[in-house]
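Walk through this fold one region at a time. Keep the sequence beside the coordinates as you read.

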Amino acid sequence: MHYVSVENLTKSYGINPLFRNISFHINEGDKIALIARNGVGKSTLLRILNGDEYADSGKLFIHKDVTVALFEQDPKFDENKTVLENIFHTNHPVLNIIREYELAADNEDGEKLVELFGRMDDLNAWDFEVKVKQILTKLNVHHLQQAVSDLSGGQRKRVALAKTLIDIGFDHKHTLLMMDEPTNHLDVEMIEWLENYLNQENVTLLLVTHDRYFLDAVSEEIWELERENLHVYRGDYENYVEKKAARIESEMASIDKAKNEYRKELEWMRKQPKARTTKSKSRQDNFYEVEAKAKQKIEDAQVQLQVKMSRLGGKVVEMKKVYKSYGDLQILKGFDYTFSKGERIGVIGKNGVGKSTFLNMLQGLEKNDSGKINIGDTVVFGNFSQQGLVFKHNMRVIEYVKTFAENFPLANGGSLSAAQFLELFLFTPDKQYTYLNSLSGGEKKRLQLLIVLFTNPNFLILDEPTNDLDLPTLAVLENFLSDYQGCVLIVSHDRYFMDRLVDHLFVFEGDGEVRDFPGNYTQYRLWLKDNEKKDNKWQALEDFKSKGKSIEEVTSNKVQDSSGKAQGTNAKKKPSFKEKKEFEDLEKEIAALEAEKNKIEEQLSNPDESFEQLNLLSKRIGEISSTLEQKELRWLELSELF
């Protein structure tokens, strides 16, 4: 089924064309990622498809049975209403009863809940209520009676995402879901849940994202807006990079060929007489086509980062026995660490555990409760914060930059004017005289990065730097940070960005505990899963010992997913007959040892036992405990084979 058909769509702002004569189709079940540099029309195209803006020319057809849902970067709410009223904004009997049910649950109103049970049954609303509860829980949307106007930026994004998913979940039979940077302000667990949710719902999807792992997980096709055209690539991000490089190489070869032809045709044009024959007229028309192609420029424009770094001395930062809390919320509990030159550290943890507070304490923006934070004399912090730019709305880009400095030193010893430096960050002369409030979200982020680097920092602190940055800028930023000689501390939910850059992680586990993990984010997740697997095996052993479960129940290779369906695990080596026999014997031996241990413990609590007997029993229980530990470990090893 054709959802959307577009022919020769064109859109410009003033003299700046975003895209010209682009055509495409979206069919049911398509999963498309739209990528481009900031400011070239990604969000505008989504708004045109949603009916919020209009193209200058071209045709747009959306099937009459298709509902278009748009999740925007800057969500719009009714500010006078609560979170609950904004999420359940549609007047439908099922949504109305679920809204009442969620409100009663939030108020812990038992009588009201009892009353609503029957009405929920009558409307068959329970299945959808379970889905609603899952969405609200996974996105950490609570306090449903809170006014939307009181929410933080991250909370607003999560509420908007919950609202969008509930809307399409209620009736997504023919829905085109368009999402503009949905992973911003989500922690990693939320992002991974969203990946699974979108794949399970089997929606038709048009997505703008900078998160390359998320892109690969949910999309099957990549569209790129570049130089006013739309290019289509099937496959994942890596395939896109390879195919784009091949396309540019082919275009360059075609332009070189056109240049050779242009030189010949130009010589002919200069020689020909004033009188024009029919034959020469067609050749003249062809000449202008060749001329246009020969003069075409393919500029794979990229941000260039060549900033001079201030010298970093031997002493960087020392944190000794640092404590910090807000009321009952413990941020740090006796944190010790000495930073070294050239370290690249990732900071991860759930939202609200104190990552941003930690960064602020490091820079002296917030005070610690106790302990010492010693900063080296040569340390110059560069802080790329979530707060973004602070500016006057009537200020132009070039004026804003000059408030920091007129000229800026480069690594090669030279310097650049503010205007020249802006051009390195893809701000053309025309763009430099644009008012700051007219910039896109990504352009503001790029400008913020430029300002941070102007200070020549040797200790970069990047708090969610990937939010709103386009993929080409991210790639260059990653290359710059890879060669950066100073310290880098990164808080990011972008797993690809973290994997590429960090050497180790500070994992904020809550209650003031911070784990120093020696590896990148993917390695940490694998370590977590491995430990969860071991914990499950130990739990299986405890179940066997305490509840008398059979070997088949304990060692089953099937696990239950969140929907209750069984999923098979990876194929494993089959146990030999000898191993099966050993495993069965261990089951009996462990049970016998546990029984003997329990009996001895009863005897040890008997006050009538003699000293000699108690001494013998104590030695025996020690032997049993040691033997049990060995046999349980062997049992766990063998259980991996079943």
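**A helix across a sheet, then the cores and rings**

Bear in mind that the model is predicted.

Strands of a sheet pair through backbone hydrogen bonds, in either a parallel or an antiparallel manner.

Take the pairing of E10 with E11 in detail. Strand E10 covers residues 317-326 and pairs with E11 in the antiparallel sense over seven bridges. Tyr 326 stands opposite Leu 329 in E11.

Step back to the whole chain. It has 642 residues, and 45% of them count as buried. It contains 21 helices and 22 strands. Among contacts with a separation of 6 or more, 68% are between residues 24 or more positions apart.

How far can the model be trusted? The average pLDDT of the chain is 81, and 82% of the residues score at least 70. Residues 554-572 fall below 50 in pLDDT. Beyond near neighbours in sequence, that stretch has 23 contacts in the model.

Next comes the interior. In soluble globular proteins, nonpolar side chains tend to be buried together. The largest nonpolar core here has 53 residues. Val 401, Leu 447, Leu 450 and Leu 481 have the most contacts inside this core. Helix H15, residues 441-454, supplies the largest share of the core, with seven residues.

Leu 481 shows what such a position touches. Not counting residues up to four places away in sequence, Leu 481 is in contact with Arg 344, Leu 460, Leu 462, Val 488, Phe 497 and Leu 501. A second, separate core has 47 residues. Tyr 101, Ile 135, Leu 139 and Leu 151 are among its members.

Finally, the aromatic rings. The structure holds 23 aromatic pairs. One of them joins Trp 193 and Tyr 197. Their ring centres are 5.1 Å apart, and the planes are at 35 degrees, a tilted arrangement. Both residues belong to helix H7, residues 188-201. They are four residues apart, about one turn of the helix. Both Trp 193 and Tyr 197 are buried.

Phe 517 and Trp 527 form another tilted pair, 5.7 Å centre to centre, with 55 degrees between the planes. Phe 517 sits in strand E20 (residues 513-517), and Trp 527 sits in helix H18 (residues 521-547). The two residues are ten residues apart.

Are these two partners buried or exposed? Phe 517 has a relative accessible area of 8%, so it counts as buried, the limit being under 20%. Trp 527 has 29%, so it falls between the limits of 20% and 50% and counts as partly exposed.

One larger grouping remains. Ring pairs link Phe 335, Tyr 337, Phe 339, Phe 358, Phe 381, Phe 459, Phe 506 and Phe 508 into a cluster.

How values were computed:
Residues are numbered from 1 along each chain as its sequence is written. This is a predicted model: local features need pLDDT of at least 70, side-chain atom pairs count only at pLDDT 80 or more; totals for chains, interfaces and linings use all residues. Side-chain values use heavy atoms; hydrogens and water are left out. Two strands pair if DSSP finds at least two bridges between them. pLDDT is the predictor's confidence in each residue, from 0 to 100. Contact means heavy atoms within 4.5 Å. A nonpolar core is a set of buried Ala, Val, Leu, Ile, Met, Phe, Trp, Tyr and Cys residues joined through side-chain atoms within 4.5 Å. Buried means under 20% relative accessible area, exposed over 50%, partly exposed in between (1.4 Å probe, protein chains only). Rings of Phe, Tyr and Trp (its six-membered ring) pair if their centres lie within 6.5 Å; planes under 30 degrees apart count as stacked, over 60 as edge-to-face and the rest as tilted.
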